[in-house]
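Okay, thanks for coming, everyone. Let me put the model up and walk you through a few spots.

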Amino acid sequence: MSFMQTNAFPTAEDPSTAARCRGCRDGAALPFGFTMAFQPILDIAAGRVWGYEALVRGTAGEGAAAILAQVSPELVYGFDQACRVRAVELAGTLFPPDPAVKLSINFMPNAVYEPNACIRATLSAAARVGFDPNRLMFEFTENEKMRDVGHLRKIIAAYRAQGFTTALDDFGAGYAGLNLLTELKPDLLKIDMALIRDIDQSATKRAIVGAVVTMAHDLGIVLLAEGIETAAELATVRAFGIDLCQGYLLGRPAFDIAEQVTPSVFG
């Protein structure tokens with residue numbers, strides 16, 4: 001079935017969803033500007049950039065918190081759509097042509113009311129800029145309290161059917177932890193930076209991360225260690241066999257991704 005068939009806006013038989021779709025499509029423009037910075041995700045074992053995470057920023061360089069503070073409840077749906085579109089448009093211009101390099105987009109599960117309808121604008125943007133939608137990864141965080149886990153399960157199933165990668169961000173800090181992992185089983189698990197910080201100096205953190213590694217292996221889930229800031233932290237997570245890594249040591253968020261990665265990490 002084609003993207004156009006699966007992602008058409010709902011018909012009049014679904015008035016609630018159709019009204020929300022009109023709100024995203026025809027609603028007022030956001031009352032603030034924003035752009036995206038991109039932070040690299042490295043595959044240390046392979047010695048390559050695995051992907052880039054899109055992070056919202058103000059047009060004058062303001063951090064994400066300054067932008068998110070302006071997102072009122074009535075703007076949530078439109079903002080989520082606008083972020084996806086902006087990330088894809090920029091990736092189409094900035095990213096290397098390597099089809100293996102992923103674009104990771106954070107999304108708000110509570111702002112997705114019908115996954116096949118809500119993804120249409122993203123796919124249209126990808127078509128406009130020639131960006132392969134199979135390179136998309138969508139991250140959801142357990143720091144956003146889920147109102148309906150069953151609905152999130154539906155979103156993940158729909159995204160997988162489209163060929164997207166799904167990731168649970170900030171694992172180890174947030175609302176649901178193991179229960180959410182049990183319910184959803186994403187493709188990738190991002191270990192929260194609180195567990196990675198000074199892990200080389202903490203036997204407790206190493207024990208917890210070691211257990212997560214075993215669990216992920218048994219479940220067939222790929223692990224990513226985020227928030228790496230020191231060489232000792234990197235060496236410790238690598239000793240656990242975690243190949244995907246992200247953090248300031250490896251590369252900071254930037255508007256221009258050229259020569260962004262710290263070369264020494266592959267040495």
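Helices here are DSSP runs of H or I, at least four residues, and strands are runs of E, at least two, numbered from the N terminus.

This is a predicted model, so to speak about local features we need pLDDT of at least 70, side-chain atom pairs count only at pLDDT 80 or more, and totals for chains, interfaces and linings use all residues. Residues are numbered from 1 along each chain as its sequence is written, and side-chain values use heavy atoms, with hydrogens and water left out.

pLDDT is the predictor's confidence in each residue, from 0 to 100. The protein's mean is 84, with 80% of residues at 70 or more. Over residues 1-15, though, pLDDT stays under 50.

Now, the helix pair. Helix α4 (residues 76-94) packs on helix α6 (residues 120-129) at about 15 degrees, axes 9 Å apart. Angles under 35 degrees count as roughly parallel, and α4 and α6 are therefore roughly parallel to each other.

Which residues of α4 and α6 meet? Contact means heavy atoms within 4.5 Å; among those meeting are Val 85 and Val 88 in α4, and Ala 125 and Val 129 in α6.

Last stop: Thr 166, in strand β5 (residues 165-171). Buried means under 20% relative accessible area (1.4 Å probe, protein chains only), so at 1% Thr 166 counts as buried. Residues that Thr 166 touches include Met 137, Phe 138 and Leu 188, leaving out those up to four places away in sequence.

Terms used. Buried means under 20% relative accessible area, exposed over 50%, partly exposed in between (1.4 Å probe, protein chains only). Axes are lines fitted to C-alpha atoms, for helices over the stretch in contact, and angles run from 0 to 180 degrees between N-to-C directions. Angles under 35 degrees count as roughly parallel, over 145 as roughly antiparallel, 65 to 115 as roughly perpendicular and the rest as oblique.
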